[in-house]
Amino acid sequence: MKISIKIKAILLSVVCTAALTSCENKQENVPAVTSGETSETTAAAEVISGETSQEVSETPETSGGYPELEWLSREAEQKLREDYRKLMEETYDREIGYDVPIRYYYGTYSKGEVVVMDTYYGATDDENHFSVGDYEFYLPSGSYQMTLHMGSEFIPISEAYESGYVTDDDAAKIYYYSENSVFTDPVPEPLSEEADRKLREDFAEFENKKFKRSSLTADKVSVTHFYGTYDNGEVVVMYENEGTYTTDTKHYSVAGYDFYLSSGSFEIMLHNDSAFIPIDEAYQSGLLDDSDIEKIYYRGQIIYPYFP
């Protein structure tokens with residue numbers, strides 16, 4: 001995909017600023033500003049990425065909102081990540097060794113998906129305030145940019161609206177999902193001190209029974225990953241502080257989603273009635289449903305990114 005000199009200059013400027021800020025603040029990995037050519041030729045206007053995507057339902061709920069947003073199809077997610085990797089490689093003239101994840105997802109519309117993509121560059125500490133139609137949006141870093149993924153391009157959302165690719169009805173839905181979807185707010189409510197303590201106490205007792213011992217205590221256990229609380233309990237990775245940490249990796253699939261962990265010593269589990277159930281078993285038994293798994297997957301790739 002050919003990118004204009006002006007777009008390249010903007011991207012490089014933002015990345016330089018983000019990189020400097022990242023070095024100073026050591027913040028988490030966040031997405032850089034993305035873009036693509038916004039030519040209004042007939043061919044560009046006819047490009048629709050919906051061939052590999054899921055159209056947002058047009059039927060409002062009785063509550064006055066829209067249906068709960070569902071995660072992208074596997075094909076649509078992979079195309080987004082591949083297209084963005086190619087954009088970064090062409091823009092920065094360097095090889096990117098992985099397909100970057102999607103940080104925020106606002107739904108799929110007639111011309112494509114509305115997203116904020118992640119990258120390995122650090123975030124600037126300013127804010128991004130912008131409008132789309134009658135709606136005001138906020139992103140917590142100037143390095144974040146909401147874009148329309150149309151074909152293989154990433155068009156800034158304000159430009160997409162001005163060009164007619166995003167309609168007023170689309171803008172209303174995007175705003176609704178920005179306020180009401182887990183896919184635009186990946187970080188779950190943090191564990192309370194009491195909940196954290198109970199997790200560690202229960203895990204210590206669970207492991208002592210499993211290995212017929214009594215030496216493990218709550219103070220020797222940590223919650224290393226927390227994916228949120230669901231109807232049947234918390235989804236976590238627990239770890240014995242003095243336990244063995246292997247340098248291999250773990251990969252498994254649940255309900256069509258691929259999970260990666262940085263050590264074979266880790267396991268994603270559901271904490272249910274003082275027991276710890278592997279996530280695949282919890283899904284098979286009905287303690288976690290499809291909606292739970294897609295949220296766990298999304299939170300995992302954003303909060304605990306691992307690139308195989």
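**View 1. Buried residues of helix α5 in the predicted model.** In α5, the buried residues are D170, A171, A172, K173, I174 and Y177. The model shown is a prediction. Cover for the buried residues of α5 comes from elements including β1, β2, β3 (128-132), β4 (135-139) and α4 (157-162).

**View 2. An open sheet of four strands.** The strand order is β1-β2-β5-β6. Pairing in this sheet is antiparallel. β1 (102-109) and β6 (153-156) are the edge strands, each pairing on one side only. On average, neighbouring strands are turned by 30° against each other, direction ignored.

**View 3. Helix α3 on the sheet.** Helix α3 covers residues 74-92 and packs on the sheet. It touches β1, β2 (112-117), β5 and β6. The direction of α3 makes about 55° with that of β2.

**View 4. The pairing of β5 with β6.** Strand β5 takes in residues 147-150. Four bridges join β5 to β6, and the two run antiparallel. T147 stands opposite P156 in β6.

**View 5. The whole protein, for context.** The protein has eight helices and twelve strands. Of its 308 residues, 49% count as buried. Among contacts with a separation of 6 or more, 62% are between residues 24 or more positions apart. The accessible surface comes to about 15,200 Å². Carbon and sulfur atoms account for 46% of that surface.

Definitions and conventions:
Residues are numbered from 1 along each chain as its sequence is written. This is a predicted model: local features need pLDDT of at least 70, side-chain atom pairs count only at pLDDT 80 or more; totals for chains, interfaces and linings use all residues. Side-chain values use heavy atoms; hydrogens and water are left out. Two strands pair if DSSP finds at least two bridges between them. Axes are lines fitted to C-alpha atoms, for helices over the stretch in contact, and angles run from 0 to 180 degrees between N-to-C directions. Contact means heavy atoms within 4.5 Å. Buried means under 20% relative accessible area, exposed over 50%, partly exposed in between (1.4 Å probe, protein chains only). Accessible areas come from the Shrake-Rupley method with a 1.4 Å probe; for residues, only the protein chains shown count as cover.
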